[in-house]
Amino acid sequence: MLIRNVDPITFEVLSHRLHQITREMGITLERTGGTVTTTQQHDYNASLYRPDGEIMAAGETYGHHVVCAGQAVKRILERFGKEEIYPDDIFLLNDPYLAAIHNPDVYIICPIHHENVLVGWSATFVHVSDIGAMTPGGDSPEATEIFQEGIRIPGIKLVERGKLRRDVFDTITHMTRQPEAVGLDLKCEIAANNVAKARLQAMYEQYGPELMNAISSEMIQYTETILRNRIREIPDGVWSERLTIEADGPCKLTLTLRKEGEQLVFDFTGTDKQVRKGINLPFHGTCGFCFGAVLYSLAYDLPKNHGVLRPMEVIAPKGTIVHVQYPGPISMSTTSSGFGVGFLASSVLMQMLATSEKWRHEIVAPQASHRNCRHSGVNQYGRYCPFINMAHGALDGNGARVDRDGVDSGGSYMSVPNVEWMELHYPLLYLFRRHATDSAGAGKFRGGAGVESAHMLHDAPEGKIRGVAYGVAGLRNSGHGMFGGNPGAPSVMVLLQNTNANSLVGANKSPVDLSEIGGEPNFLPYCNFELKQNDVLYMRVASGGGYGDPLERDPERVRGDVLTGLVSKAAAREIYGVVLNGEGCQVDLAATQAQRKKIREEELRGPQ
Amino acid sequence: MEYVVGVDIGGTFTDCVILDSEGTVTLGKALSTPEDFSIGAVDAVRDAARYMGLAGEGELLASTKFFFHACTVADNTLITRAGPSTGLITTKGFGDTLLHMRGRTTEGLTETEAFHAAGQSKPDPIVRRPFIEEVSERIDYKGSVLIRLDPAEAEQAIRNLLAKEVQSIGVCLLWALSNDAHEQTIAKIVKEKYPSVYLTLSSEVAPFVGEYERTATTAFNAYIAPKIAAYLQQLGAVLKEKGLKREPLVMQSYGGVLRIEDTCKNAVGTIESGPVSGVIGSRFIGERIGLSNILATDMGGTTFKVSVIRNGLVEKDYKPVILRYQIYLTKIWVESIGAGGGSIAWIDPETGLLKVGPLGAGAYPGPVCYGHGGSEITVSDADLLLGYLNENYFLGGKMPLYKEKALRVLEERIARPMGMSAVEAASGIYRIINSHMSDLIRRATVERGYDPREFTLFAFGGAAPAHAARYAAELGIRQVIVPLTASVHGATGLVSSDVVYAYGKSEHLFVPADPRRINSHFSALVRKAVDHLRAAGFKEEEMSVVRSVDMRYRNQVHELNVPLKAGIGEVSEEEMDEVYATFDELYEQTYGPGAGYREAGKEIMAFRVLGTGLLERPNLRRYPLEKRDPASALKGERWVYFQEGGDFAPTQIYDFDRLTAGSDICGPAVIETPITTIVVNPKDRAFVDEFLNVRLYLNGA
Amino acid sequence: MSHPLGDSLEVYSDQGANWVRCTRCSHVIARLEEHWRKRCERRTFPPTKAGPLMTILVGHYVLQKLYCPGCGALLESDMVEQS
Ligand SMILES: [Zn+2]
């Protein structure tokens with residue numbers, strides 16, 4: 001029996017309830033938040049911590065922030081000391097050199113007392129609308145050091161003994177480009193923490209501190225024990241992966257996973273030195289992204305708490321991209337090297353799972369994320385918006401699995417706003433938003449197709465809006481194949497200048513064909529740019545990598561993909577070796593067999 | 001004698017409730033007949049007629065004033081994907097909208113499912129991609145046409161779909177809610193040239209911003225409308241032939257009934273209308289006994305459902321998730337989890353922890369104790385072993401239960417591997433399932449800013465009365481009511497329904513909004529509702545019209561629905577100021593004090609009108625309260641387990657049929673009715689009220 | 001010791017050593033301590049062999065495929081930097 005000090009029924013009941021609290025915090029953030037990242041993308045954290053900052057219950061979102069918010073609790077404890085932390089205080093911290101990952105992800109941290117004794121903490125973050133950095137919205141491609149990346153708060157009381165410190169609140173919001181929007185962001189975090197406090201206090205009231213403290217430590221013990229058992233069952237080994245991010249030149253990230261007994265060592269030795277571009281990641285962020293990768297693969301069904309961290313060790317040499325030293329810039333870290341680390345960790349874990357008969361069914365071909373864009377400018381109602389998040393990452397195609405295709409436009413638990421929602425609020429017109437043909441990595445099981453979209457200005461009073469291009473820049477972003485599967489199409493962001501889009505519309509034609517839209521294409525690196533009249537921004541998110549040899553894919557599945565437009569006839573023939581005949585695309589089995597044989601023979605003979 | 005008839009078709013049984021003019025209730029039951037549901041409907045009416053001593057269903061139907069009906073045709077069609085071949089027409093460039101689903105894959109999943117990366121999936125598309133046609137056209141957010149729709153291209157798209165033998169076509173074009181000209185162009189072609197095709201326009205079924213949800217609603221409607229129409233027309237004809245004089249009225253998911261013709265225009269409105277009837281039934285009984293804050297809980301074989309009635313109003317949901325799709329549908333808010341009498345208890349092989357559900361044993365073979373070959377221990381098995389259920393009086397003795405078998409399997413599969421006694425295992429199962437249910441109620445109340453202690457809990461569905469006192473007490477609820485009609489609660493709801501037309505329309509307006517825009521929307525929607533009510537035969541004084549707006553702080557995504565004061569007159573700026581202030585209040589009530597942030601600015605996202613044609617409420621017969629010693633209803637004594645003593649104790653068993661209004665019973669006790677079993681815990685008290693509802697007062701309340 | 005190593009390879013023990021072999025043809029590719037990839041048949045192709053959307057990789061990356069030396073089963077496909 002894994003549970004020692006609490007009866008197993010009570011354990012089951014209460015651990016379930018603790019998780020419900022984090023869920024309720026998340027719902028509060030979504031319902032009351034003011035930005036798309038919070039309300040639709042689930043890009044937030046809502047977790048509970050033990051009095052010392054250990055994770056008690058992690059919410060259902062990004063794992064990396066769970067670790068960093070725990071770090072934030074520890075920093076608050078150090079800065080204020082227990083004697084200055086009162087019941088009903090609420091703290092704010094966003095310093096990436098202490099605990100946060102980049103400045104716009106603002107942590108709100110709330111001590112929870114029962115009869116004047118500190119019994120735990122709740123913490124949330126949301127990506128606020130603006131943080132006063134050199135670029136609206138916070139991701140600043142031109143920043144070369146942290147000082148250009150917005151306000152940086154090492155810990156401050158936002159609420160003292162239940163009273164909102166209006167002076168502090170206003171001081172913070174006034175350092176941003178849109179105080180009202182940021183005010184709403186902070187308010188939703190306060191509301192979520194208040195919910196957590198009320199619920200946890202009610203549990204302490206009902207069950208008493210002794211049982212509650214025992215439950216939370218048992219939960220951690222429980223998760224740790226099971227996770228260690230699972231790791232032990234898998235053969236020892238060493239696996240590695242690398243990724244190049246293009247930021248004024250190639251920046252290489254390297255990870256080696258050593259699995260020894262019941263320990264997982266993530267070693268980033270060999271990763272390039274930090275750069276003067278905001279893709280550097282604080283060390284706690286690196287740990288957080290590794291935690292997330294373990295959480296979603298080996299621990300997805302366990303109580304999500306500090307027990308997940310215990311069998312893990314992360315080695316990241318100081319001064320590298322994955323362990324930045326002051327005052328290196330970090331503003332784009334989450335979606336660049338952060339997702340990069342997430343990819344590396346996931347990739348090595350998948351390779352590890354592939355050595356276990358029991359765990360290989362949990363393989364999902366890993367994905368090195370996508371490009372992303374945010375606009376800012378004056379909308380059709382004459383109002384300045386610093387944070388127009390295109391949020392298209394929600395439409396990434398997912399990686400293939402051992403026995404199933406990846407999910408088309410599956411994009412994890414995020415969702416993208418409707419085109420109509422975007423057009424209602426911002427001066428934009430979408431030309432298309434669709435699955436990109438031939439984007440999915442081919443394989444015996446193919447990756448999920450990613451989505452491509454294009455938009456231009458519409459009713460923009462200034463005739464232009466700003467854009468910032470971030471995400472994982474590089475030709476090897478997107479899905480990676482496994483065991484013979486092909487990679488997914490790279491994610492790109494292309495500014496097409498001086499296009500025919502408006503004249504096509506004028507001529508009553510839908511601008512859905514890139515060759516008709518025309519214009520001069522600029523593949524955008526990390527940069528600020530302007531979207532002007534007659535410009536079109538084309539974006540393609542990530543697509544899933546394939547699993548296994550495409551020549552072994554069931555020809556009927558290939559036919560289905562051709563009929564739905566996900567695979568072109570040419571690709572069916574050249575990549576899958578499937579010959580389809582006539583209008584109905586019937587599979588010619590004999591011709592297919594011959595074609596497949598020919599392809600493999602030609603491959604082995606080598607390129608002509 | 002005149003009758004009011006309610007017929008509720010469920011997955012297994014079709015229930016019937018008859019009320020005569022004196023308020024006497026008669027129940028009827030028959031097996032559902034999925035090949036033609038109208039057969040089961042008539043069977044259930046015949047069953048009731050027989051109890052009433054009538055010659056047959058004809059005599060009953062000939063004297064029926066109102067015939068109310070709820071059907072599961074929409075749900076069945078969707079779940080089994082039994083709809084006709086359906087096509088969809090969209091704006092060029094956006095044909096994948098229904099398939100990408102805005103990326104979401106976890107909506108409607110449990111926590112573990114949501115976290116399970118390798119297990120992700122999307123639902124089977126309601127309309128597959130080859131059946132989706134795109135047409136060149138574009139309207140912007142203001143409703144201005146940017147690219148004109150060429151009728152020839154539209155006709156080609158229709159023909160392409162017809163070539164694939166579609167019988168039903170949905171049309172959802174971008175911004176059709178602001179300007180429906182292009183959708184109407186397509187409608188005109190279909191009506192003139194292909195009149196046999198069912199047509200659904202997004203501007204009619206869901207005129208709200210958001211193309212994914214609107215497309216999904218349109219596709220759902222297109223997919224189920226032909227089935228609904230065929231079924232209801234068949235039912236109408238059969239009942240007419242049997243002597244029914246007035247047209248049947250059909251339950252809608254927002255909790256009102258409509259005529260068949262109006263139902264067919266908006267078939268999507270019948271989704272999950274069955275469970276909704278139960279909520280309306282709870283409201284009705286609440287009205288009769290003077291309760292306006294009710295938690296309606298329904299525990300059947302596989303699912304547990306909760307709805308909230310606050311101040312006599314049912315809570316609504318405007319964007320429900322149906323089969324993992326989010327759609328625009330005004331629906332009574334019902335939250336559910338996989339928990340019921342059939343929920344399976346199991347030991348996690350890796351952790352050794354005892355779990356219950358979410359998987360269920362199903363109706364057949366069902367729990368071990370049914371003796372139909374079931375091999376998984378379920379909640380019902382635990383209930384039997386704890387002494388709550390009577391092995392010789394299940395369903396009034398119609399079905400024997402096998403206790404030894406259940407005990408043997410429990411010991412083998414649960415108790416011994418857990419190192420527990422059989423009692424510990426059974427009571428553990430009972431506790432865990434109760435905690436799952438109280439968690440769901442907590443989600444339905446506490447998470448939405450309501451204090452469960454201010455509510456009375458209604459327990460219906462076969463398994464609820466044996467559990468309700470426990471899952472209610474966990475939340476500090478003090479009174480549980482087991483209604484007399486607990487087993488046919490949906491049908492009870494039907495007979496107490498009103499005719500309701502619900503209309504809405506999106507327009508995005510910054511606050512303070514121009515009163516002319518507000519009035520123009522409201523007057524159009526009110527006119528529509530009033531016209532329909534009049535056509536359905538209602539006079540002005542029988543109508544009630546409620547107007548409301550969906551509001552939020554600027555740029556948020558989730559709205560709160562804020563009602564206006566009663567009336568249909570011109571709305572003044574002052575009145576709207578009050579509405580805006582009400583929003584701030586509602587917001588803090590929902591999300592906690594201090595959560596509101598007026599500085600952010602507000603916006604209106606949609607206008608809604610609910611037009612109700614008030615039907616006469618049926619009477620319920622009152623029985624005189626008598627202070628009689630309940631001992632006369634005593635059936636005997638058996639050993640029943642209660643957690644307070646940690647052991648079995650001799651407990652008195654009462655026969656509900658012999659209890660009279662006014663009977664008072666102190667726990668511990670068990671009350672057996674022919675359809676369910678009510679457990680009265682040690683500190684609780686049971687009281688039979690004047691309508692023969694059993695009220696449980698918890699913890700000495 | 002015996003366990004899978006991806007889709008078409010496995011590790012097995014024999015005569016006190018651990019070996020990597022092909023599950024399709026039982027060809028022994030390498031000792032576990034060696035880099036088994038170095039012992040595979042290796043071919044490189046233009047990136048567009050993996051699909052028409054790979055054009056932007058041309059000149060920077062090549063598609064490298066590894067095959068079982070015994071039976072020619074495809075073991076791995078990867079974009080590697082063009083040397
Ligand atoms: Zn081989």
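In chain A, A:N45 stands opposite A:F125 of β5(A). The model is predicted, with local features requiring pLDDT of at least 70 and side-chain atom pairs pLDDT 80 or more, while totals for chains, interfaces and linings use all residues. Residues are numbered from 1 along each chain as its sequence is written, and chains are lettered from A in the order in which they are written.

Strand β1 of chain A pairs with β5 of chain A in the antiparallel sense over six bridges; pairing requires at least two DSSP bridges between two strands. Helices (H or I, at least four residues) and strands (E, at least two) are DSSP runs numbered from the N terminus. The open sheet of chain A has seven strands in the order β2-β1-β5-β4-β3-β6-β7, with antiparallel pairing. Its edge strands, β2 and β7 of chain A, each pair on one side only.

| Element (chain A) | Residues |
|---|---|
| β1 | 44–49 |
| β5 | 117–127 |
| β2 | 55–57 |
| β7 | 163–164 |

Helix α4 of chain A (residues 166–174) lies across β3, β6 and β7 of chain A, at about 130 degrees to β6(A). Axes are lines fitted to C-alpha atoms, for helices over the stretch in contact, with angles from 0 to 180 degrees between N-to-C directions.

In chain B, the axes of helices α13 (residues 403–418) and α14 (residues 422–444) come within 10 Å and cross at roughly 85 degrees. α13(B) is therefore roughly perpendicular to α14(B), a term for angles of 65 to 115 degrees. Residues making this contact include B:L407 and B:E411 of α13(B) and B:A422 and B:I429 of α14(B); contact means heavy atoms within 4.5 Å.

Chains B and C share no contact, their closest C-alpha atoms lying 16 Å apart.

Notes
Heavy atoms only, no water. Parallel < 35°, antiparallel > 145°, perpendicular 65-115°, else oblique.
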